[in-house]
Amino acid sequence: MGVTHTQALKSCNFSEVMSTTTTEEDTELRDLVAATLENSGILGKIKAQLRANVYVALEEGENVKSKSKLVNQNLIDFLSTTNGRLVASLVREFLEFFDLDFTLAVFDPETNIGKDFKYRERSKLIDALGLTELTDKKSPLLSEIMRLSKVSVLKSESPTPTEVSIEDDQHTSAQTSLNEDLNSKSEIFDKSDKLIFRQGF
């Protein structure tokens with residue numbers, strides 16, 4: 001049984017209504033977000049930064065990076081070192097481990113991973129940091145580094161056998177000296193009691 005002309009019109013009308021409703025909702029949401037950002041001053045700041053960087057891009061061309069206020073020079077300098085690239089890769093591995101895709105969508109462009117430097121994957125980080133078989137597959141590498149760091153600190157704070165024996169010797173010496181003092185005082189009291197008894201007191 002084919003679809004009648006009336007049914008087709010109803011279907012089209014329903015689709016149009018749904019499309020119109022969705023568009024209106026999107027517009028309302030957009031306007032609400034824009035109004036909120038404008039009232040807080042964020043939208044104006046974004047527009048100003050965008051205009052400034054457009055002018056810089058038009059005037060300077062290739063030198064835009066050195067002029068733009070949005071460029072994080074401290075981060076660029078840090079990522080130019082081996083340790084800096086390792087740290088950035090560890091942070092990215094943490095985000096990737098927990099599927100923090102939205103955060104990654106911001107992290108990658110801000111750090112220019114893949115452009116200014118190459119991201120080291122988990123396996124390569126394990127080799128570079130010498131973690132090898134000690135790594136827990138259920139934890140990010142940052143957690144493993146913290147765990148190994150705590151173990152190292154605990155080992156450094158634990159007394160060595162020599163330190164323990166010295167402490168034991170000191171405790172034993174102190175206890176022996178205390179016992180000797182008590183015995184000496186006890187003998188003096190005994191002699192005093194005998195003397196008093198003989199004198200008839």
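1. Let's start with a term: "buried" means under 20% relative accessible area, "exposed" means over 50%, and "partly exposed" is anything in between (1.4 Å probe, protein chains only). Glu93, at 3% relative accessibility, therefore counts as buried. Keep in mind that this is a predicted model, where local features need pLDDT of at least 70 and side-chain atom pairs count only at pLDDT 80 or more, while totals for chains, interfaces and linings use all residues. Residues are numbered from 1 along each chain as its sequence is written, and side-chain values use heavy atoms, with hydrogens and water left out.

2. Now the overall layout. The protein has nine helices and zero strands; helices (H or I, at least four residues) and strands (E, at least two) are DSSP runs, numbered from the N terminus. Buried residues make up 14% of the 201 residues. Taking contact to mean heavy atoms within 4.5 Å, residues 24 or more positions apart account for 42% of the contacts with a separation of 6 or more. The accessible surface comes to about 16400 Å², and 58% of that belongs to carbon and sulfur atoms; such areas come from the Shrake-Rupley method with a 1.4 Å probe, and for residues only the protein chains shown count as cover.

3. On to charge pairs. Side chains of opposite charge can pair when their charged atoms come close. A salt bridge here is a side-chain nitrogen of Lys or Arg within 4 Å of a carboxyl oxygen of Asp or Glu, and the whole structure has five of them.

4. Back to Glu93, which makes a salt bridge with Arg122, with the closest N and O atoms 2.6 Å apart. Glu93 sits in helix 5 and Arg122 in helix 7 (residues 122-129), so this pair ties together parts that are 29 residues apart in sequence.

5. Helix 5 has another partner to look at. Asp108 and Arg92 meet in a salt bridge at 2.8 Å, N to O. Because Asp108 belongs to helix 6 (residues 101-111) and Arg92 to helix 5 (residues 82-97), the pair ties together parts that are 16 residues apart in sequence. Both Asp108 and Arg92 are buried.

6. Helix 8 (residues 141-157) holds a pair of its own: Glu144 and Arg147 are three residues apart there, about one turn of the helix. Their side chains form a salt bridge at 2.9 Å, N to O. Glu144 counts as buried at 3% relative accessibility, whereas Arg147, at 38%, counts as partly exposed.

7. At 15% relative accessibility, Ser139 counts as buried. Leaving aside residues up to four places away in sequence, Ser139 touches Phe97, Arg122 and Glu144.

8. Finally, the nonpolar surface patch. Patches are made of residues with over 30% relative accessible area and no salt bridge, joining like charges within 9 Å and nonpolar side chains (Val, Leu, Ile, Met, Phe, Trp, Tyr) within 5 Å. This one includes Phe78, Val87, Val91, Phe94 and Leu142, and the whole patch has about 640 Å² of accessible area. Helix 5 and helix 8 are the elements that give two or more residues to the patch, and helix 5 gives the most, with three. Phe78 comes from helix 4 (residues 73-79) and counts as partly exposed at 39% relative accessibility.
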